[in-house]
Every structure is written in structure tokens, then in C-alpha cells.
Amino acid sequence: MCAMPERKEAVLPLTGYDREALKFFYETMVKIRNFELTVEKYFFEGEIPGFVHLYIGEEAIATGVMANLRKSDYIQSTHRGHGHTIAKGADLKHMMAELFGKSTGCCKGKGGSMHIADFSVGMLGANGIVGGGFTMATGAALAQKMQKTDGVSVAFFGDGASNRGTFHEAANMAAVWKLPVIFLCENNQWASTTPYLTTTSVADIADRAQGYGMPGVIVDGNDVFAVYEAAKDLIDRARRGEGPCILECKTYRIKGHFVGDPEMYRTKKEVQQVLEETDPIPRFEKKVLDAGVMTREELDSIAARVNKELNEALEYARTSPEPEVSALFEGLYV
Ligand SMILES: Cc1ncc(C[n+]2csc(CCOP(=O)(O)OP(=O)(O)O)c2C)c(N)n1
């Protein structure tokens, strides 16, 4: 059995980070946050069809993990997948067009929010089936092992999804075959309307790693530095052929389960308190400003650049054509 490592905090001094990494952290988190706020607005205005789940409050996780991945590595996402897709490097224009259901979207407007994918950056897909990604990521990791690359696959999942049978099947197979898969739990405390401790047998999802003889690490998912460092150790380990692991990132879902959720199951005060105390973006700003490794002007200019890119993506999506009816059956089979 694998010993449980200590809980991980960020240990590297901020001066140990190179500037490109710091810029990537801030730019990616702000890009995800503002993308999501834009999507929320246009969903309420009726321009985005379907069903949308926002990643607001969880930006540090996708960002800290993806900073360790190569374009050729794979990720498998969830129903809450915009942040993962952005951080993996997908083009914002094609993403936004996809959410608007336009023919210029990365899945030609046929996937939408919950089935967005971009194979060109190794993003194998969001998934409307909770727990649907575990086995796919494990299969991708098997391919990486058979092809003798040192690539890795990351399976993002929520605390609720860890109760699905697919999690246990995939974890066992990945451990037995020492596959390079990272089971990346985003424990945002809720599964729809259900607080996670009422449906989960362990206090920490990472505890479940012991049942499969793999390391299970817990990290503060709202601290991008802590996520980056914990993910780095585990991803490097998987690349060396030492097998799978669970990384559990503790976070909190700031918005409703879906856009339009009346949120009858929690108080506004609870959400406000979490936002004030742990929002990953102001936390990052405070840390880098206090440490003197970035200036307010640098942060503002990154945010301005992101907003320009987002406005262009929005314009592109809104002015792109709808898919033709004749394209309905295209791309269904490979
Ligand atoms: C197999 C399956 N069961 C139930 C649902 C309905 N459903 C959609 S999201 C969700 C909650 C998922 O919670 P969690 O895995 O913790 O992810 P989070 O929404 O918190 O990010 C449920 C029950 C579904 N889509 N698929």
C-alpha cells in the first residue's frame, strides 16, 4: 500500500518562479473568469443555447495543472469544462463560437458547452455524463504507454463523480498497469444541490487512492502556486513511468450548479464569505504584489489584453453563421 503524502502547500518562494510562469498564471485565470462572465451574460440574454455550468472560483486548478502539461498531453474534462479547455490552449474564438452553436465552433457548433473538445491541443472533450471521462483518460494513458511516449493524461472530475463505478474501475486498471494518468479531483464541496459529505464515504477523496495503491495528495485548489507545485511532482512521476495518482484540489463552486440555478440549498452569505476569503484571483494579485515580483501595471495590462481577445472572440461568435441543416450528419463517425 502507498503511504499518504503530507498535505501540500506551496513551498517555492515566489522569486523562484520565472516571469513567464507568473504571467501564464494570471493571464489564464483572468481569461477563464472573464470568459465565464461573458458566457453567463449572453446565456441570460438568450444568445447561448443549451445548458451551461460555470467554472468561476476554480480557475487556479486548471491553470496550475495545465502549466505542467505539453500540448501533446491529454486532458479529459467534465460538464464544467470551459476552464480546462482555455487553460489547455484552445482558441477563444472557436470556443466562444462553439458555445453559441455556430458552424465556426471547435466542434462545428454541434457540441456546445458540455461537449466541447479540441483535439489540436490535446483536449479530448467535456462530458455531459458525470464520471464519463475516467475510462477515456485511462485509455488515452494506455495508448501513451504503448506508444512509449512520456506523455500523460489528466482526468478532471468532481467530488460527486468519485462515487461513480467508472472511477473505481479506471483507478484499479490504471494502477495495475502503471498508466500515466492523473486523477484530478476538483472538490468544490457540492454535487448539484448535495453537500459532498452527505454522499461520500470519506472526508477526503484523496483517501481513496490508498485502496488502489497509488499516492493521494490534497492541495488548496484556490492557490495556483500550491496546485502547480503538487501537480508538477505527480505529473513528473507519471512521466517517469511510476504510475497514476489522485490529486485532490479543495475549492468552492462560487456560481450555481448551472446558469439559472435558484440555489435554494445554500445562503448568499456563505458564498460571499468564500469569495471574500479565498477567491484565487485576488489571492494571486496580493501574493505577487506583496512579494514585489509583479506590478499593478503589469497585471492591468495583462487583463486589458485578455479583455481585447475576449471581445474579438465574442464578435466572431455572434457574427458567425449557424451550421447548415445539410451538415447535420457530418462528423458523427470517424
Ligand atoms: C451519470 C450522471 N448522473 C447524473 C447526472 C446529473 N448531474 C449533472 S452534474 C451533477 C453533479 C456532479 O457533481 P460533481 O461531480 O461534484 O461536479 P461539480 O458539478 O461539482 O463540478 C449531476 C448529478 C449526469 N449528468 N450524469
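**Exercise 1. The setting of Gly57**

Task: Determine whether Gly57 is buried or exposed, and state which residues Gly57 touches.

Solution. Gly57 has 25 other C-beta atoms within 10 Å, and is therefore buried. The model under study is a predicted one. As to its place in the chain, Gly57 belongs to the loop between H1 and H2. Leaving aside residues up to four places away in sequence, Gly57 touches Thr251, Tyr252, Arg253, Ile254 and Asp279.

**Exercise 2. H1 against H10**

Task: Describe how helix H1 and helix H10 cross, and name the residues that meet.

Solution. Two packed helices are described by the angle between their axes and the distance between the axes. Step one concerns these two quantities: the axes of H1 (residues 19-44) and H10 (residues 296-319) come within 9 Å and cross at roughly 40 degrees. Step two assigns the class, and this angle makes H1 oblique to H10. Step three gives the hand, since the crossing in which H1 passes H10 is right-handed. H1 contributes Lys23, Tyr26, Glu27, Val30, Lys31, Asn34, Phe35 and Thr38, which meet Leu299, Ile302, Ala303, Val306, Asn307, Leu310 and Leu314 of H10. By class, the residues of this contact of H1 with H10 comprise nine nonpolar, three polar and three charged.

**Exercise 3. H1 against H9**

Task: State how H1 and H9 are oriented to each other, and what classes of residue make the contact.

Solution. The axes of H1 and H9 (residues 280-291) come within 10 Å, with a crossing angle of roughly 155 degrees. Angles over 145 degrees count as roughly antiparallel, and H1 and H9 are therefore roughly antiparallel to each other. Their crossing is left-handed. On the H1 side the contact is made by Leu22, Phe25, Tyr26, Met29, Val30 and Arg33, and on the H9 side by Pro280, Ile281, Phe284 and Val288. These residues of the contact of H1 with H9 divide into nine nonpolar, no polar and one charged. Tyr26 and Val30 of H1 take part here, and Tyr26 and Val30 are also among the H1 residues that meet H10.

**Exercise 4. H2 against H7**

Task: Find the angle at which H2 and H7 cross, and the hand of the crossing.

Solution. H2 (residues 59-66) and H7 (residues 224-239) have axes that come within 8 Å and cross at roughly 40 degrees. The two helices are therefore oblique to each other, and the crossing of H2 and H7 is right-handed. Ala60, Ile61, Thr63, Gly64 and Val65 in H2 meet Val224, Val227, Tyr228 and Ala231 in H7. Sorted by class, the residues of the contact of H2 with H7 are seven nonpolar, two polar and no charged.

**Exercise 5. The ligand shell**

Task: State how many residues surround the ligand, and their division by class.

Solution. The ligand is surrounded by 16 residues, of which the closest are Val130, Gly158, Gly160, Ala161 and Ala191. The shell around the ligand consists of five nonpolar, eight polar and three charged residues.

Technical notes:
Residues are numbered from 1 along each chain as its sequence is written. This is a predicted model: local features need pLDDT of at least 70, side-chain atom pairs count only at pLDDT 80 or more; totals for chains, interfaces and linings use all residues. A residue is near a molecule or strand if its C-beta atom, placed from the backbone, lies within 6 Å of it. Ala, Val, Leu, Ile, Met, Phe, Trp, Tyr, Cys and Pro count as nonpolar, Asp, Glu, Lys and Arg as charged, and the others, Gly among them, as polar. Axes are lines fitted to C-alpha atoms, for helices over the stretch in contact, and angles run from 0 to 180 degrees between N-to-C directions. Helices (H or I, at least four residues) and strands (E, at least two) are DSSP runs, numbered from the N terminus. Angles under 35 degrees count as roughly parallel, over 145 as roughly antiparallel, 65 to 115 as roughly perpendicular and the rest as oblique. Two residues are in contact if their C-beta atoms, placed from the backbone, lie within 7 Å. A residue is buried if 20 or more other C-beta atoms lie within 10 Å of its own, exposed if 12 or fewer, and partly exposed in between; C-beta atoms are placed from the backbone.
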